Amino acid sequence: MENVATNIAPSATMPPVIEIEHLQKAFGSNVVLRDFNLTISSGENVVVMGKSGIGKTILIKCIIGLIKPDGGTLRVFGQDISKLNHHDLDELRTRIGFVFQSSALYDSMTVRENLEFPLRRHRRNKITGSLDELVREALRNVGLENAIDLMPSELSGGMRKRIGIARSLILKPEIVLYDEPTTGLDPITSAEITHLILEIQEKYKTTSIIITHDMELAKQTANRIVFLMDGIAWQQGTYEELSKTTDPDVKRFFKQ
Ligand SMILES: Nc1ncnc2c1ncn2[C@@H]1O[C@H](COP(=O)(O)OP(=O)(O)OP(=O)(O)O)[C@@H](O)[C@H]1O
Ligand SMILES: [Mg+2]
């Protein structure tokens, strides 16, 4: 199959914050990322789409160093993450918010404790303002201040997603990686989460990667959409550009 991806240069005025070159990752004979290239400039919002099991989650796990690639280079804020020691990687991670596909809340902790967790872990001596105020501000941002003392089991799916987003924002990250933030939600709740992501992009000027199958979310939030297929950035462009694609695999996503 032909690689039809075109490399879109980052905006000349904004420095790249994520640079991925020739990224490779396989699990045994399962080659997930073969030669993946992507450069994202500061403030850019990139949506990554692709079939289930194609490697989208693996890609963002590589970016935060949760998974070690087999080859290629990955620079975040200009730092090659394979060359960072444990301490520096930990520091870098405080600048990146990760909204897990599963929300990944700690079931035995209240909402408040879930949100305090990254603060206690990373900000030990750097916290300005009380933990309580930071937690309340994060909850206000996602419209769930009243949920502060609830347990995760008492939250709906949409609330869990919001709390997951609140937790990923609590350290005021410059990059936010969202893994399927609207999957499994009804259209109204999905629209609310989409609105929330737009607000976050606007308010905090974050750079983001959003993995999704939700075309409305992609349309509203993406400066650029990248289709991952066959281990490469198969096609990329704006929503407008890709909606006119002749590639049959990409076309299918626009027909949902
Ligand atoms: N820890 C692991 N060990 C072995 N194989 C793995 C591991 N994690 C993921 N894989 C495999 O890597 C491939 C890509 O998985 P990934 O989770 O990135 O898919 P995805 O594109 O995010 O799919 P979905 O849309 O369903 O979330 C799959 O074939 C999966 O089975
Ligand atoms: Mg996934």
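Before clicking anything, one term: two strands pair if DSSP finds at least two bridges between them. Helices (H or I, at least four residues) and strands (E, at least two) are DSSP runs, numbered from the N terminus. This is a predicted model, in which local features need pLDDT of at least 70, side-chain atom pairs count only at pLDDT 80 or more, and totals for chains, interfaces and linings use all residues. Residues are numbered from 1 along each chain as its sequence is written, while chains are lettered from A and ligands numbered from 1 in the order in which they are written.

**Stop 1**

Start with Ile20. Opposite Ile20 you'll find Leu74 in strand 4, and Ile20 also stands opposite Leu38 in strand 2. Now select the whole of strand 1, residues 16-27. Strand 1 pairs with strand 2 in the antiparallel sense over eight bridges, and with strand 4 (residues 71-76), again antiparallel, over five bridges.

Then pick Glu21, whose bridge partner in strand 4 is Thr73.

Next, follow the chain from strand 1 into strand 2: the two form a hairpin with two residues between them. Gly28 is in that turn, with a positive phi of about 60 degrees.

Zoom out, and you have an open sheet of four strands in the order 2-1-4-5, with antiparallel pairing. Strand 2 and strand 5 (79-80) are the edge strands, each pairing on one side only.

**Stop 2: ligand 1**

What surrounds ligand 1? Select Phe27, Asn30, Val32, Gly50, Ser52, Gly53, Ile54, Gly55, Lys56, Thr57, Ile58 and Gln101, and you have the residues around the ligand. To be near a molecule or strand, a residue needs its C-beta atom, placed from the backbone, to lie within 6 Å of it.

Colour strand 2 (30-41) and helix 1 (56-63): each supplies at least two residues of this shell. Helix 1 gives the largest share, three residues.

By type, the shell around ligand 1 divides into four nonpolar, seven polar and one charged. Here Ala, Val, Leu, Ile, Met, Phe, Trp, Tyr, Cys and Pro count as nonpolar, Asp, Glu, Lys and Arg as charged, and the others, Gly among them, as polar.

**Stop 3**

Now show six strands in the order 6-7-8-3-9-10, which form an open sheet with mixed pairing. Strand 6 (96-99) and strand 10 (232-237) stand at the edges, each with a single partner strand, so one side of each has no neighbour in the sheet. From one strand to the next, the twist averages 20 degrees.

At one end of that order, strand 9 (residues 224-229) pairs with strand 10 in the antiparallel sense over five bridges. Click Leu228 and look across to Ala233 in strand 10, which stands opposite.

**Stop 4: helix 3 and helix 4**

Select helix 3 (residues 111-122) and helix 4 (residues 131-141). They pack at an angle of about 115 degrees, with their axes 10 Å apart. That makes helix 3 roughly perpendicular to helix 4. Axes are lines fitted to C-alpha atoms, for helices over the stretch in contact, and angles run from 0 to 180 degrees between N-to-C directions. Angles under 35 degrees count as roughly parallel, over 145 as roughly antiparallel, 65 to 115 as roughly perpendicular and the rest as oblique.

Show the side chains of Arg112, Leu115, Glu116 and Leu119 in helix 3, which meet Leu131, Leu134, Val135 and Ala138 in helix 4. Contact here means C-beta atoms, placed from the backbone, within 7 Å. The contact divides into six nonpolar, no polar and two charged residues.

**Stop 5: helix 5 and helix 6**

Finish with helix 5 (residues 157-169) and helix 6 (residues 187-204), which pack at about 10 degrees with axes 10 Å apart. That makes helix 5 roughly parallel to helix 6. The contact is made by Gly158, Lys161, Arg162, Ile165 and Leu169 of helix 5 and Thr189, Ile193, Leu196 and Ile200 of helix 6.

Definitions and conventions
Contact = placed C-beta atoms within 7 Å.
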